[in-house]
Amino acid sequence: MSGLTLDGVTFRYPATERPALREVSLEVAAGEVVALVGAAGAGASTLLLVAADLAPRVVGGTLTGRVQRPGRAGLVLPTPWTQVSGMAFTVWDEVAFGPANLGWPREEIVRHVEPALAQLGIAHLAPRDPATLSGGELQRVVIAGIVAMDPTLLLLDEPAAELDPEGARLVWRLVRALAARGKAVVVATSDLDAVPDVADRVVWLAEGRVAAAGPPAVLAEEATCAAGLGTAVAGVWRAAGLPPPYPLTVADAVRAWR
Amino acid sequence: MRRRHPFTLLALAGALPALAWILPAPAGGMATAAAALGLALLPAAGGGATVARAAVLTAAPFWAFLLLLHDAATALAIGLRLTTMVASVVWVVAALPPARLVEALVARGWSARAAYVFAATLAAVPVLRARARRIVEAQRCRGLSPRGGLVRRLRALRALALPLVLSALHEVDERALALETRGLASGARRTALAPPADPPAERALRWGLAALCAAALVWRLA
């Protein structure tokens, strides 16, 4: 079953000449994790807005092509401070904000909020005032708020940007766990070293187009490394003048070295 | 006071300015201004003298203009009414947590979206104040002092206002996207997580305030 289908999508923001997305086609299956990589301005965040049905519906602009998402989509943006509702006394209430907006009965809200808090490792923060949290803690609260809404399609825009290394590892584990439960996940990230462990597929966007797509090994190819989008290991291998194929991970490098 | 039903706080904040304009000046305005400033002095308003001081400082420029434009009696009459309005608004912003207001409005059948817009106007004041403080600190780090003479202060004000407005506009965009994805406009009737209690005594107080305003109006028109 498909979690998201984009077919020849071109999107232009209001009052701009150049399209932010050009003829993008992408299919994400349920249970699959797709990583979007690219330089700043390549169109990854825009693609997530289109996938979340926020562009052009909320941000304006014009869209051509076909977008299909069979279920509800949940989007996590990179800045945690702008995503909190500002209407909650406690972290628990903040995570319950989305489910409450969907009109779920209170018992169902509790059934979704408690596991979401546990999955993000923030159950101990439940009684705290969101205004007193650090950026990293707040980002986890925001992700928990989206997870609690039980979306079929999860869209994450730089979810680890505000997190410490342990927090980032926890979020990446959660992404895999959600995919294992049948969620389709699209994540725009510059944490390229995490991609081989997290993503099933990588889509490289350049100037709004799909420049390459394939398994995570794409991040060890000459073209992606030359564009600064290879993993650290592949980049070091290449910079050292060692011959291709470049290793994707440390384990690959060790195997190749031996 | 924060435990009172949000509608009771709003009723008080609405009735005092209404009475200030209905009752004869200057005695009416004096009584309502005293009542509003008295409410602002309550510790539950969020800091006692801090709230009352904010109300007085906000009202001060109005007094200055009134004294320039009118004779003393007119300035006193209008000034007391304006002070009542300002103190009531400052007090209700400090004493009424927006989250409780949203819960109360949703419990009364308002759509979550409309309730949020209404409550966000109250929530905007402390958020903007906190951001302004951060911008001032950042400008200080870059050598711009907000203290000193008038010209210096005006220059500092410009350096504060522009980033404050631009960052607020940018945040509005992102917040709209975040709220949308969190179902605020889902069309479903929002589940009230903790609707505030509305005891009969408070309902009676609200009706009493409405009746008082109506009676004062009838008395004045008669």
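Student: How do helix α1 and helix α2 of chain B pack, and at what angle?

Tutor: Happy to walk through that one, keeping in mind that this is a predicted model. In chain B, α1 covers residues 6-22 and α2 covers residues 27-41; their axes lie 8 Å apart, at an angle of about 160°. Angles over 145 degrees count as roughly antiparallel, so α1(B) is roughly antiparallel to α2(B).

Student: Is the crossing of α1(B) and α2(B) left-handed or right-handed?

Tutor: Left-handed, for α1(B) and α2(B).

Student: Which residues meet there?

Tutor: From α1(B) come Leu12(B), Leu16(B), Leu19(B) and Ala20(B). On the α2(B) side they meet residues including Gly28(B), Gly29(B), Thr32(B) and Leu39(B).

Student: Now to the two chains. How many residues does each give to the contact?

Tutor: The size of an interface is often given as the accessible area lost when the parts come together. Here we can count residues instead: 24 from chain B and 27 from chain A. On the chain B side, α5 (98-107), α6 (112-141) and α7 (150-181) each supply at least two residues, and α7(B) gives the most, with 8 residues. That side of chain B divides into 13 nonpolar, 4 polar and 7 charged residues.

Student: What radius of gyration does chain A have, and what would a compact globule have?

Tutor: A compact globule of 258 residues would come near 18 Å, and the 19 Å of chain A agrees with that. The C-alpha trace of chain A spans about 60 × 45 × 35 Å along its principal axes, and 52% of the residues of chain A count as buried.

Definitions and conventions:
Residues are numbered from 1 along each chain as its sequence is written. Chains are lettered from A and ligands numbered from 1 in the order in which they are written. This is a predicted model: local features need pLDDT of at least 70, side-chain atom pairs count only at pLDDT 80 or more; totals for chains, interfaces and linings use all residues. Axes are lines fitted to C-alpha atoms, for helices over the stretch in contact, and angles run from 0 to 180 degrees between N-to-C directions. Helices (H or I, at least four residues) and strands (E, at least two) are DSSP runs, numbered from the N terminus. Angles under 35 degrees count as roughly parallel, over 145 as roughly antiparallel, 65 to 115 as roughly perpendicular and the rest as oblique. A crossing is left-handed if the near helix is turned anticlockwise from the far one by less than a right angle, and right-handed if clockwise. Two residues are in contact if their C-beta atoms, placed from the backbone, lie within 7 Å. Ala, Val, Leu, Ile, Met, Phe, Trp, Tyr, Cys and Pro count as nonpolar, Asp, Glu, Lys and Arg as charged, and the others, Gly among them, as polar. The radius of gyration is taken over C-alpha atoms; the globule rule is 2.2 Å times the number of residues to the power 0.38. A residue is buried if 20 or more other C-beta atoms lie within 10 Å of its own, exposed if 12 or fewer, and partly exposed in between; C-beta atoms are placed from the backbone.
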